[in-house]
Amino acid sequence: MGWSVAERDGAALIVGGGVGGLCAAIALADKGWQVRVLEQAPQFGAIGYGIQLGPNVFPAFERLGIAQAVLAKSLLPGNVWMIDAFDGEPVTRVRTDDAFRRRYGHPYVVIHRVDLHKILVDACKRWPSITLDEDAAVTGYADEGDHVVVSTQDGRRLEGAFVVGADGLRSRVRAQMIGDGDPQLIGYVAHRTIIPFEKAPKGAPLNDVALWGGPGFHIVHYPLREKTIFNIVAVFRTDTFSQKGDVESYRAELQATYRDAHPVMREMIAMLDLERRWPIADRAPQRGWSQGRAVLLGDSAHATLQSLAQGAGMAIEDAVVFADCVEAGGGDHPAAFAAFEKKRLSRTARVQLESRFMWDHLYHTEGVESQVRNEAYRARSDEDVWRCLDWLYRDGPR
Ligand SMILES: Cc1cc2nc3c(=O)[nH]c(=O)nc-3n(C[C@H](O)[C@H](O)[C@H](O)COP(=O)(O)OP(=O)(O)OC[C@H]3O[C@@H](n4cnc5c(N)ncnc54)[C@H](O)[C@@H]3O)c2cc1C
């Protein structure tokens, strides 16, 4: 038997044990690689809120052997609604029922991030060739030509065949490789909350995903975990987006921002947990995701606004395409990384660009633009809406 690529070349080092890093670990292990995932947090885990996943991620989940596990923990909403923040009437919807599932071959799901992460960590643990290192904050890497050396904050130096920067929006690997600074803060912040399902305001479509959009603010909500809990995300524009305030100052801002919004939205605002806020940021699409034996994947390569709910989706897709490219590269890693970028750039850039467009011209319109938006979108049929999404839901990697 000949040498496998992994035996000849050393381990693949992945910086970041988020969705993208863990999926990449499984995909590489499946190709025969030894993989080491370095996560800065004391435990592999996720923030305790929901996430939406389109049908485009399921072919990747099937390849990773976790599609059934994800489905078992997911809810399948029948619609994704967009609702006008003032009149409370639907602007448009994506029907995500059986007809949607027949069209795209897979469902639209919502799942608790903690459940998704547990599935990914458990899947990694089933591979003896994957090592998960917690408390391993990476400070930098050195490309030594025929291998890489990754350094951690606690003074370790780890050798590998190549390094994958799956370290998210504020990627250390990207900072070293490209050095293009922090992601672009866009002046919006998010507050996330989970409440018991029975406490959710009755005037909302509680069984579905819904987004209520108004000028400079929106709310997204959906049920989770067999409709026992209800996930609410409130997002709005504020001058204090880069400052840390306290609960009372956050509450005052929210009350002022949402004061004219529909009563259902105001009811949800009153239920928010205001302990933590997330400033919203993305990056403009850019070429150059790799250099020598280092490569970026997921948010570190192509961070996006959440308008299409596809940031994690793109990271999951990246993972399987990446492993295919590494295998096809046959040991020529720079060539494999260039092929990976070539395969992924347009699709991920389109998600970034369309998300920015939707942010401004669908979610947060005001005045005449809102009137035009409502008339234009209300005239669309279910088929019209699906056709706009075919490129995203149908053309993912298999
Ligand atoms: C409000 C909001 C709602 C969203 N909703 C959706 C949605 O519904 N659907 C969807 O698909 N996407 C959604 N997203 C986007 C999604 O969360 C991200 O795109 C996704 O998490 C990116 O995955 P990643 O693995 O690239 O990065 P991350 O999930 O950010 O993982 C990066 C990991 O790297 C670790 N790390 C960072 N630096 C280091 C270091 N120096 N050393 C070691 N480890 C490090 C971090 O601790 C983290 O575990 C949303 C985002 C926001 C803000």
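The structure is a predicted model, with local features taken only where pLDDT is at least 70, side-chain atom pairs counted only at pLDDT 80 or more, and totals for chains, interfaces and linings drawn from all residues. Residues are numbered from 1 along each chain as its sequence is written.

The ligand is a handy place to start. Around the ligand sit 33 residues, and Gly16, Gly18, Gly168, Gly298 and Gly311 come nearest; a residue counts as near a molecule or strand if its C-beta atom, placed from the backbone, lies within 6 Å of it. Sorted by type, the shell has 16 nonpolar, 13 polar and four charged residues. For that sorting, Ala, Val, Leu, Ile, Met, Phe, Trp, Tyr, Cys and Pro are nonpolar, Asp, Glu, Lys and Arg are charged, and the others, Gly among them, are polar. At least two residues of the shell come from each of α2 (19–29), β3 (50–53) and α11 (311–329). Helices (H or I, at least four residues) and strands (E, at least two) are DSSP runs, numbered from the N terminus.

The largest share of the shell, four residues, is supplied by α11. This helix is mostly covered, with 15 of its 19 residues buried. Here, buried means that 20 or more other C-beta atoms lie within 10 Å of a residue's own, exposed means 12 or fewer, and partly exposed is in between, with C-beta atoms placed from the backbone. The length of α11 checks out too: at 1.5 Å a residue its 19 residues should span 27 Å, and the end C-alpha atoms are 26 Å apart, which agrees. The expected span is 1.5 Å times one less than the number of residues in the helix. Just after α11, Gly330 takes a positive phi of about 55 degrees.

Strand β8 (residues 138–143) pairs with β9 in the antiparallel sense over five bridges, and Val138 stands opposite Thr152 in β9. Two strands count as paired if DSSP finds at least two bridges between them. The β8 and β9 hairpin has four residues between its strands, and Gly145 in the turn has a positive phi of about 90 degrees. On to the next pairing: β9 (residues 148–152) and β10 run antiparallel and are joined by four bridges. Within this pair, Val150 stands opposite Leu158, while Val148 stands opposite Gly160. The hairpin of β9 and β10 also has four residues between the strands, and there Gly155 takes a positive phi near 90 degrees. Strand β10 (residues 157–160) has two faces: Leu158 and Gly160 lie on the covered one, Arg157 and Glu159 on the uncovered one.

In α6 (residues 113–125), the buried residues are Leu116, His117, Ile119, Leu120, Ala123 and Cys124. They sit on the same side of α6 because they cover an arc of only 155 degrees around the axis, the arc being that of the directions from the helix axis to the C-beta atoms. Asp122 and Lys125, on the other side of α6, are exposed. The buried residues of α6 pack against α2, β3, α3 (58–64), α4 (67–73), β6 (109–112) and β7 (130–133); contact requires C-beta atoms, placed from the backbone, that lie within 7 Å.

Helix α9 (residues 263–270) buries Val264, Met265, Met268 and Ile269. They cover an arc of only 140 degrees around the axis, so they fall on the same side of α9. Pro263 and Ala270 are exposed on the face turned away from that buried side. Packing partners for the buried residues of α9 are β13 (209–214), β14 (217–224), β15 (229–237) and α8 (247–257).

Finally, two single residues. Leu75 lies in the loop between α4 and β4 (79–84), and counts as buried because it has 20 C-beta neighbours inside 10 Å. Leu75 and Val110 are 35 residues apart in sequence, yet 5.4 Å apart in space, C-alpha to C-alpha. Neighbours within four places in sequence aside, Leu75 is in contact with Val109, Val110, Pro223, Leu224 and Lys227. Ser290, in strand β17 (residues 290–291), has 21 C-beta neighbours inside 10 Å and therefore counts as buried. Not counting residues up to four places away in sequence, Ser290 touches Val295, Leu296, Pro334, Phe337, Ala338 and Glu341.

Note on methods
Contact = placed C-beta atoms within 7 Å.
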